[in-house]
Each structure stands twice: as C-alpha cells, then as structure tokens.
Amino acid sequence: ENVEHINKHLPHYVLAVAWTKYRQAQSARLESISRDKITIVCSVPGQGDMKFDIARKEDESFEKLADSGLHAPSAFGPLDVLITFAMVIVLPILSVAADEANIGPFQFFRAIKDTLFPFSYSATTILVAAWLAHFGEGFYAYKTARSLSLSRSQVQSWTFRTILLGYPSSLRWLLRLRDCKNKA
C-alpha cells in the first residue's frame, strides 16, 4: 500500500477513517502507513489540524479499515431524533387531526395544525411532500454512493438513512465524501 496512491485515488477512504476518530473532520490526509498502524492528519473546524494513529492488524487492508467510516453513521443525534419524530409521529397526527377536527383530543392537534400551517395546505399534503422529498434525497444518495464505488451494504446504509433523515443528518456527510474524492 502506497501513501501517495491512497491520498490520490482514495481520499474519501482516508476521510472515512478520520471520521472514526473526529466525526467533524472536513478533510484528511494519510501521512504514513506501516504493518501495525496508520497515521492520519485531518482538519477539524475549531480545532485545526489533528494528527492521530490508528492501530491495524497485520493483514488488514486500508480499504477494510475504512469500511466502518464508509457506512452511514449508526448513532442518532438530537437532530436525527427530531426529524424522525416529526416525519413518523407529528405530521401523521396533524394529518389525521385535519380530517377529525371535532373529535375530542384531535381538537388540540387541529389547533396546533392551524397555528403551524395557517395556509390552505393540509398537513397531509405537507406529509406527502416531505416523504417525496426524502425519497428523492434517498435516490440521490443511492446514485452518489454508487459513484463512490462503495459496497452494497454501504450503499444501502446511506440510502436508507437518507430516506429516513434527509439531508442534514445523512446526505451532507455523503456529499462531503464525494467532494473529497472529486478534489483528488
């Protein structure tokens, strides 16, 4: 494995490995590689350039080491939970509330719906539009992940996470990988 070759042809893999240590890394460069460790320098906003070593098994390829970073993140942050809650619980309830406004607890949700959406658009229309947007983003994530030559499981993880969470929590990370590869 040649450091120059990896930095030139697999910069998105280097960034993916850097993400295992610094999730906010904007760019990364492989500094050295040996049988038992690799050294990476990455740029982290607010912290500058960070240099770190990662241990590796003797037979472990660089591509294998990058595998976990190339999958969509599995941890859910506060924004992820909020988006999921809105898409799966809040918008469907508001959608039903628009149709069942005069029935007990739905009057409360109808008041929320009327406050949040004072226009003539129904919550159902907004719900359908949001899901259509997420499926469109998911398709774009699928095409982008395929263009990065990621494995089938990596492509699937990026696609499904983007369908569920959309741009802020998934697609922007994938686009950062793509941009890193395109700069090379």
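Helices α7 and α8 are oblique to each other, where oblique covers whatever is left once angles under 35 degrees are called roughly parallel, over 145 roughly antiparallel and 65 to 115 roughly perpendicular. Their packing angle is about 140 degrees, and the axes lie 8 Å apart; axes here are lines fitted to C-alpha atoms, for helices over the stretch in contact, and angles run from 0 to 180 degrees between N-to-C directions. On the α7 side the contact is made by Trp158, Arg161, Thr162 and Leu165, and on the α8 side by Tyr167, Pro168, Ser169, Ser170, Leu171, Trp173, Leu174 and Leu177. Contact means heavy atoms within 4.5 Å. Sorted by class, these residues are eight nonpolar, three polar and one charged, with Ala, Val, Leu, Ile, Met, Phe, Trp, Tyr, Cys and Pro taken as nonpolar, Asp, Glu, Lys and Arg as charged, and the others, Gly among them, as polar.

A word on the basis of these values is in order. The model is predicted, so to speak of a local feature requires pLDDT of at least 70 and to count a side-chain atom pair requires pLDDT 80 or more, while totals for chains, interfaces and linings use all residues. Residues are numbered from 1 along each chain as its sequence is written, and side-chain values use heavy atoms, with hydrogens and water left out.

The chain as a whole has eight helices and three strands, read as DSSP runs numbered from the N terminus (helices H or I, at least four residues; strands E, at least two). From the N terminus, the order of elements is α-α-β-β-β-α-α-α-α-α-α. Of the 184 residues, 40% are buried, with buried meaning under 20% relative accessible area, exposed over 50% and partly exposed in between (1.4 Å probe, protein chains only). Among contacts with a separation of 6 or more, 54% join residues 24 or more positions apart.

Helix α8 also packs against α2, at an angle of about 135 degrees and with the axes 7 Å apart; this pair, too, is oblique. Here Pro11, His12, Leu15, Ala16 and Trp19 of α2 meet Trp173, Arg176, Leu177, Cys180 and Lys181 of α8. By class, the contact of α2 with α8 holds seven nonpolar, one polar and two charged residues. Nine of the nine residues of α2 are buried, so this helix is largely enclosed by the rest of the structure.

The interior can be followed further through its nonpolar cores, that is, sets of buried Ala, Val, Leu, Ile, Met, Phe, Trp, Tyr and Cys residues joined through side-chain atoms within 4.5 Å. The largest has 37 residues, and those with the most contacts inside it are Ile38, Ile40, Cys42, Phe62, Leu174 and Leu177. Two or more residues each come from α2 (11–19), β1 (27–33), β2 (37–44), β3 (48–55), α3 (62–70), α6, α7 (152–165) and α8 (167–183). The most come from α2, which gives seven residues. A second, separate core has six residues, including Ile83, Met87, Leu91 and Leu165. In soluble globular proteins, nonpolar side chains tend to be buried together.

Cys42 touches Ala18, Tyr22, Ala25, Ser27, Ala28, Gly48, Asp49, Met50 and Phe52, residues up to four places away in sequence not being counted.

Thr144, in α6 (residues 123–147), is buried at 4% relative accessibility. Beyond its neighbours within four places in sequence, Thr144 contacts Leu174, Leu175 and Arg178. Trp131 also lies in α6, but is partly exposed, at a relative accessible area of 24%. With residues up to four places away set aside, Trp131 touches Met87, Val88 and Ile163.

Two loop residues complete the description. Ser149, in the loop between α6 and α7, is exposed, with 54% relative accessibility. Its phi is near 60 degrees, a positive value in a residue other than glycine. Most residues other than glycine have a negative phi. Pro45, in the loop between β2 and β3, is partly exposed at 47% and contacts Gln24 and Gln26, leaving aside neighbours within four places in sequence.
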